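Here is a short report on one protein chain. Look at the sequence and the fold first, then read on.

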Amino acid sequence: SSGINAEYGSEEEEKLNTSGNKRRARKLSESSAQSTPPPASKRGRPRKVRSSQQEEIQESVRNNNSQKQRGKPKITVKREPSPVLTVGRAKRKKTTSVDVENISPPPIQVSNKSLRQTDKKSDTTPRRSTLIEKVTAIKKPEIVFTGVAATKAEEKIIASLSGSQTDDVTTCTHLVSDKIKRTVKFLCAIGRGIPVVSQQWLADSKACKSFVDPVDYYINDKSTEKKYKFVLRRSLERAQKCPFLSGWGVFVTKTCQPSPEQFRSIITCNGGICLKKSPKSSDSNVIILATEKDNLATLAKSKAPICSTELVLTGALRQELNISEFSLRDKSPEL
């Protein structure tokens with residue numbers, strides 16, 4: 001009986017094994033059907049692929065690409081943001097701001113040679129003679145001669161130093177003379193306050209090859225200064241500040257010498273105004289220049305001071321207006 005049971009048991013086990021194998025085979029066939037792609041149709045159109053198959057295909061493609069790119073170095077490109085342009089009124093806020101104070105300038109490189117050259121230049125000081133130290137800043141002076149005529153040598157000096165010679169005292173820059181003279185040019189030059197120099201100024205300018213400072217070359221004529229009670233240097237300083245006829249109108253009669261036309265230039269250069277007609281009684285700051293030949297009674301009706309020509313001639317040398325000293329009313333009792 002035991003043998004029969006054993007045989008029966010073995011047969012049942014084989015049946016179970018065969019039934020289990022059939023189930024496993026079914027499962028394997030189903031899984032293989034899912035993994036294998038569907039066969040192409042007769043017309044060549046591919047069948048639709050399930051979503052699970054698409055995911056597997058995409059993963060396989062990614063793995064292949066990653067394996068190919070493993071050997072190659074990765075290149076990263078940094079993209080800078082494009083600048084933003086703002087168009088509109090100035091009141092709108094700017095998109096970008098820069099701290100100018102925090103920006104440091106680039107370092108300046110200086111060679112040792114340049115430093116040595118600067119040290120040499122700072123140590124050395126130019127040395128000049130006493131005449132060259134007096135060189136004036138005027139480049140092209142216009143020179144007038146009075147009392148003396150310019151020699152050919154002096155004309156060559158003026159031309160070589162880029163100067164010029166003129167007869168117009170109203171525009172000249174220097175007056176050259178041998179001594180003090182009461183000429184029209186001389187009195188006009190004092191009234192304008194321009195340098196009145198001797199001929200030595202041109203000689204020293206030739207030696208220095210440039211026009212020197214004329215201050216040390218003013219005419220030295222003590223006898224004439226004592227006669228008319230003035231100092232030339234002081235008169236020029238006063239004229240530079242304020243000429244003595246500033247703010248005054250002057251009427252000159254026809255009997256005066258020099259002529260009224262020459263008096264006109266003297267009066268205007270000394271700051272005054274030359275009147276063409278006799279002043280009225282209502283006029284103020286007016287002076288009449290006359291002589292004893294004039295009808296002083298008619299001139300006295302204007303109530304303006306009547307003075308001799310010395311008021312202007314001597315007053316220009318002194319640069320002083322002294323009406324009482326040169327008044328004709330005090331000398332003639334009729335006035």
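Two residues are in contact when heavy atoms of theirs lie within 4.5 Å. In the protein chain, residues 24 or more positions apart account for 57% of the contacts with a separation of 6 or more. This is a predicted model, in which local features need pLDDT of at least 70, side-chain atom pairs count only at pLDDT 80 or more, and totals for chains, interfaces and linings use all residues. Residues are numbered from 1 along each chain as its sequence is written, and side-chain values use heavy atoms, with hydrogens and water left out.

**Overview**

The protein chain holds eleven helices and eight strands. Both are DSSP runs numbered from the N terminus: helices are H or I with at least four residues, strands are E with at least two. Of the 335 residues, 29% are buried. Buried means under 20% relative accessible area, exposed means over 50%, and partly exposed lies in between (1.4 Å probe, protein chains only).

**The sheet**

Four strands make an open sheet, in the order β6-β5-β7-β8, with parallel pairing. The edges are β6 (273-275) and β8 (306-307); each has a single partner strand, so one side of each lacks a neighbour in the sheet. Two strands pair if DSSP finds at least two bridges between them. Four bridges join β5 (residues 249-252) to β7 (residues 286-289). Phe-251 has Ile-288 in β7 as its bridge partner.

**Helices**

Helix α9 (residues 260-269) lies across β5, β6 and β7, and runs at about 165° to β5. Axes are lines fitted to C-alpha atoms, for helices over the stretch in contact, and angles run from 0 to 180 degrees between N-to-C directions. Which residues of α9 are buried? They are Phe-263, Ile-266, Ile-267 and Cys-269. These buried residues pack against α5, β5, β6, β7 and α11. Gly-271 follows α9 and has a positive phi, near 90°.

Helix α5 (residues 184-192) meets helix α8 (residues 232-241): their axes come within 6 Å and cross at roughly 60°. α5 and α8 are therefore oblique to each other. Angles under 35 degrees count as roughly parallel, over 145 as roughly antiparallel, 65 to 115 as roughly perpendicular, and the rest as oblique. α5 brings Phe-186, Ala-189, Ile-190 and Gly-191 to the contact, while α8 brings Leu-232, Ser-235, Leu-236 and Ala-239.

**Cores**

A nonpolar core is a set of buried Ala, Val, Leu, Ile, Met, Phe, Trp, Tyr and Cys residues joined through side-chain atoms within 4.5 Å. The largest has 51 residues; Ile-143, Phe-186, Trp-201, Phe-263, Leu-289 and Leu-317 touch the most other members. Apart from it lies another core of nine residues, including Leu-296, Leu-299, Ile-306 and Leu-328.

**Two buried residues**

Ser-308 sits in the loop between β8 and α11 (310-318). Leu-311 lies in helix α11. Why do both count as buried? The table gives their relative accessibility, along with their contacts beyond four places in sequence.

| Residue | Relative accessibility | Contacts |
|---|---|---|
| Ser-308 | 16% | Leu-289, Ala-290, Phe-326, Leu-328 |
| Leu-311 | 2% | Phe-244, Ile-287, Leu-289, Leu-321, Asn-322, Ile-323, Phe-326 |

Leu-311 and Asn-322 are eleven residues apart along the chain, and their C-alpha atoms are separated by 6.9 Å.
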